[in-house]
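Subject: Structure handover

Hello,

Please find the structure below, followed by notes on what was found in it.

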2 protein chains.
Amino acid sequence: MTNTATQTLRSDSTDPEALVAAMARSARVAQRQLAAMTSAERAAALHRAADRLEASADAVLEANAKDLAAGEARGLAKAMLDRLALNPERLAGIAAAVRAVADLPDPVGQVIDTHTQPNGLKFQRIRVPIGTIGIIYESRPNVTADAAALCVRAGNAALLRGGSEAVHSNRAIHAALVEGLAEGGVPADAVQLMPTQDRAAVGAMLAAAGLIDMIVPRGGKSLVARVQADARVPVLAHLDGINHTYVHAAADAGMAASIALNAKLRRTGICGAMETLLIDADFPQARELVGALIDKGCEVRGDDRIRALDGRVIAASANDWDTEYLDAVLSVAMVDGIDAALAHIARHSSGHTDAIVTADDAAAERFLAEVDSAIVMHNASSQFADGGEFGLGAEIGIATGRLHARGPVALEGLTTYKWQVRGQGQTRP
Amino acid sequence: MTNTATQTLRSDSTDPEALVAAMARSARVAQRQLAAMTSAERAAALHRAADRLEASADAVLEANAKDLAAGEARGLAKAMLDRLALNPERLAGIAAAVRAVADLPDPVGQVIDTHTQPNGLKFQRIRVPIGTIGIIYESRPNVTADAAALCVRAGNAALLRGGSEAVHSNRAIHAALVEGLAEGGVPADAVQLMPTQDRAAVGAMLAAAGLIDMIVPRGGKSLVARVQADARVPVLAHLDGINHTYVHAAADAGMAASIALNAKLRRTGICGAMETLLIDADFPQARELVGALIDKGCEVRGDDRIRALDGRVIAASANDWDTEYLDAVLSVAMVDGIDAALAHIARHSSGHTDAIVTADDAAAERFLAEVDSAIVMHNASSQFADGGEFGLGAEIGIATGRLHARGPVALEGLTTYKWQVRGQGQTRP
């Protein structure tokens, strides 16, 4: 089912660079076969993979029980054990997500633009898969299926490297997926799971420029920071979500409160959560807004003018303006007009998601034009920063880099393009 | 005219990292002002820059004479002196190129796509400048003007680092450009020329992730290789142009000969030149094709079957299939059908430009679909691999990487996008 030479190397090799190179080379060959399949064939193969995943529920849950027992024995935190745990419902959800990705429109082969030059040469840019994508992730075993499905849908090979806590779960999910994909004609080497938990293998993936085309880290900040610092391969990621909401002088007070409460408190641990609230000095209901946040259990760290509004506000330190709390904590500053708000955001935003609340459309358009973040919003909660909420169907991640793809990245971000030039014998004068 | 703090640091500092950081920070501020200008304002400022360049012709030519004298004294090769030399006609050409870039359609602000979700949130992706672009180049002083103009047209700041051979020419061109741009309202820090020829400053640019958004190397292979090996900033470049032309069994013999001669011999030193010719074993006029190339002065290095066609063919070594000659030398292999041609290209192409010559449209479409290079051509000379020939008006370079932009890169490749989300108070359930 899999390439025998690679299989042998995988199990025998102790050299992580040789291992990664062998995996990537076989992935490249498999990716070319995958790319030559039709969109319908790739979709059908993903449905087979979802079927196999459900049919293998017993094996996957048994493997997961092993990981959970080992995790408990190692004293893993409850939150991590929860991220790791599977049950029949969660497994059905994973299979359903694979089917949903299978049914997304395929960007591969789309004509981006076309034109004909006066000499008769016809130029066309068409979307093609990027090639081989490396996914480096932590304890969530669902990433094994999610990431593999997104890569395969867009014609890419996936090299998966999951966390050691989930090693048995990942192997069981991977085995089921590859079995289903193979039934659908996808070469097994198109989706490979790193056979070792040796951390040097991660380093070898990050160094594999030319062999791996893009790395997507999925996990906490320390993982992303390490990947960004060490990678020679382009990385699609975000490190911080230091997201601002600016309540303009002309904001509707009720809307401002409901957006601020939602942006901060709906889920505090996601990258789209608001971390800094900027309140215009001319917004009349500043006191009520700050009070409402504190009443709902949010710790507010404010500048002097915000502290003067409510005795419960804690003094913000200089660090607070550059801190992603991922908790029910919020830094709040009072700003004198939109220029001051834009200057604060230019200085402190991590370029993820920044929002304005205002009934003044001119102010809103200026904010949307001048704030230089991946996502800029008017009159909406920053918690909408999510591929599903954007209507993309899924996401491989959210990117705050400036090249290739920004914001929520789904299938299109897993493609690139090539130029097709059609002539009738033209030579260059 | 320029930021005083930076100016002081520029002339006094001996720490290349501090110098690059100071330049990049002032460039970031200037870039935001540049991005807030209208497209017409940026175009008008570039016309002013072109005017100033022509008005400064005496100063530029005098500076160039200094560089030429120094270059002769140092014994620079004639080809390098020619690349370095300016005269009134060449200078007029540089100014004309700046005006042509000024008149190109501006990609900034283009709406890429837009859609509304069922909850009423309206999503729009619009093109925005990338930010700060570092250009590292060698002896051609025209790059100072070309690269600056392309960056400014698309709202980007440019940090220019030219070769030491052209230091006086570059300074004179840069001074004239910045003067004209400033008359048009572009902050002087938007286009900065590295004030030192210290090679460590190049290293500092390559390391300046987060300060510089993209590096474009313009020059020979050793420069590009160093940049690609050392950069922590994303690089837009190509290292090799190992370009194939496959003459299919069903190729018209006259077309095959004229395309092959043009692709190899029109100009042998450009990256779009053909370096390997693949002749199908069923192409009847293989002998005539090889003979015509040799008759025109091309050295042909062939495999055994090609050698059997003409006694003048030299035996190719294994290295020849991976060599970019940039000279009147060509490797030629005979292949058994399109599968063998595709396999040879998959193994040896540098992903720049590969072409098929055939009257069989099905074979052509298969080639265009399966060859995974930035540019794939049917019945045309690979020497068309050029932004001007593609109708892009200009190019900052040709990219063989797989992310962001591929093939000839002009203004669109100097932009990225952001998501604008317009709501009416939506919060996430």
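**The interface of chains A and B**

In this predicted model, 71 residues of chain A are in contact (heavy atoms within 4.5 Å) with 71 residues of chain B. Leu403(A), Trp419(A) and Arg428(A) supply 14% of the area that chain A buries against chain B, more than any other three residues. The size of an interface is often given as the accessible area lost when the parts come together. Here the area buried between chain A and chain B is about 5,900 Å², counted as the accessible area (1.4 Å probe) that the two parts lose on being put together, summed over both. Carbon and sulfur atoms give 48% of that area.

Two notes on conventions. Residues are numbered from 1 along each chain as its sequence is written, and chains are lettered from A, ligands numbered from 1, in the order in which they are written. Local features need pLDDT of at least 70 and side-chain atom pairs pLDDT 80 or more, while totals for chains, interfaces and linings use all residues; side-chain values use heavy atoms, leaving out hydrogens and water.

Across the interface of chain A and chain B there are 6 salt bridges, each a side-chain nitrogen of Lys or Arg within 4 Å of a carboxyl oxygen of Asp or Glu. In a salt bridge between the two chains, the side chains of Glu365(A) and Arg422(B) meet at 2.7 Å, N to O. Several elements give two or more residues to the side of chain A that touches chain B, including helix H15 (361–370) and strand E16 (415–426) of chain A.

**Lys264(B)**

Lys264(B) lies in helix H11 (residues 253–265) of chain B. The side chain of Lys264(B) makes a polar contact with the side chain of Glu275(B) at 2.8 Å. Such a contact is a pair of N or O atoms within 3.5 Å; within protein, one must be able to donate a hydrogen and the other to accept it, and residues adjacent in sequence count only if both atoms are side-chain atoms. The Lys264(B) side chain also reaches the backbone oxygen of Asp327(B) at 3.0 Å. Leaving aside residues up to four places away in sequence, Lys264(B) touches residues including Met274(B), Cys298(B) and Gln383(B).

Regards

Conventions: Helices (H or I, at least four residues) and strands (E, at least two) are DSSP runs, numbered from the N terminus.
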